Amino acid sequence: MNVFIASEFSEPRLRPVSDRPADTAGLKEALRTLGGGVSVITAGEGAERSGATVTSATALSVDPPRMLVSLNRSSSTWPVVERYRHFAVNVIGAAHQEIANRFAGIGGLKGPERYVGAEWTRLASGAPVLEDAVAALDCEVEEAIERHSHVILIGRVLSIRLSGGSSLLYQNGKYHAVT
């Protein structure tokens, strides 16, 4: 099937369209096209630290300051967030691709092993914060809504750390630096 796309600024052009079923594979394929900011969600203390790389972190509200994050309920991070009732959203830049891969599970590292090779600190909630993250939002869990395969976390932002720089994006299976 072909669809004609026209706008007031250009001539109509032909673009191929591919219809997909509304199933898991189709949804994953569609969402891969949506570029998202890369964040590392961290939680816990000491040997009970865990974390995950996500593109699902976003502001729910700026007044009051609230973050929204979606985590897979089968991840090793959710039970730690549930226990400690805190998490940090570490917005990462191009220099942090290795950290993004580690927290995404590439290389098979788990829990506190994912933290090795980077400098971490803590802010108000006690969640681990990447020292040189582009930005870090330290949150306590205000609400956790379990739906289907994921849990939707609403976090009350307790403190913010800004280091500057450009954030990292992820689209179609690749990282992209914003310059």
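1. The chain has three helices and 14 strands. Helices (H or I, at least four residues) and strands (E, at least two) are DSSP runs, numbered from the N terminus. The C-alpha trace spans about 60 × 40 × 35 Å along its principal axes.

2. This is a predicted model, in which local features need pLDDT of at least 70, side-chain atom pairs count only at pLDDT 80 or more, and totals for chains, interfaces and linings use all residues. Residues are numbered from 1 along each chain as its sequence is written, and side-chain values use heavy atoms, with hydrogens and water left out.

3. On confidence: pLDDT is the predictor's confidence in each residue, from 0 to 100. Its mean over the chain is 92, and 92% of the residues reach 70 or more. Residues 1–7 stay under 50, and the model has 17 contacts for them beyond four places in sequence; a contact means heavy atoms within 4.5 Å. Where pLDDT is low, the predicted coordinates should not be read in detail.

4. Buried residues make up 34% of the 179 residues in the chain. Buried means under 20% relative accessible area, exposed over 50%, and partly exposed in between (1.4 Å probe, protein chains only).

5. Next, the partners of E8. Two strands pair if DSSP finds at least two bridges between them. Strand E4 (residues 39–43) pairs with E8 in the antiparallel sense over four bridges, and Ser39 has Val91 as its bridge partner in E8. Strand E11 (residues 135–147) also runs antiparallel to E8, joined to it by six bridges. Here Asn90 stands opposite Ala136 in E11.

6. E4 also pairs with E5, in the antiparallel sense and over five bridges. Ser39 stands opposite Val54 in E5. The hairpin of E4 and E5 has six residues between the strands, and Gly44 takes a positive phi near 95° in this hairpin. Of the five residues of E5, four are buried.

7. A separate open sheet entry: three strands in the order E3-E13-E14, with antiparallel pairing. Strand E3 (36–37) and strand E14 (174–177) are the edge strands, each pairing on one side only. Strand E13 (residues 168–171) pairs with E14 over four bridges, and the bridge partner of Leu169 in E14 is His176.

8. The largest pocket has a volume of about 1,200 Å³. On a 1 Å grid over the protein atoms alone, a pocket is an open set of points where a 1.4 Å probe fits, with protein on both sides within 12 Å along at least five of seven lines; lining residues have an atom within 4 Å of a point. Grid points are joined across faces, edges and corners, and the volume is the space filled by probe spheres set on the points.

9. The lining of the largest pocket has 33 residues, and Thr53, Val54, Thr55, His150 and Tyr170 lie nearest the centre. Helix H1 (24–32) supplies the largest share, five residues.
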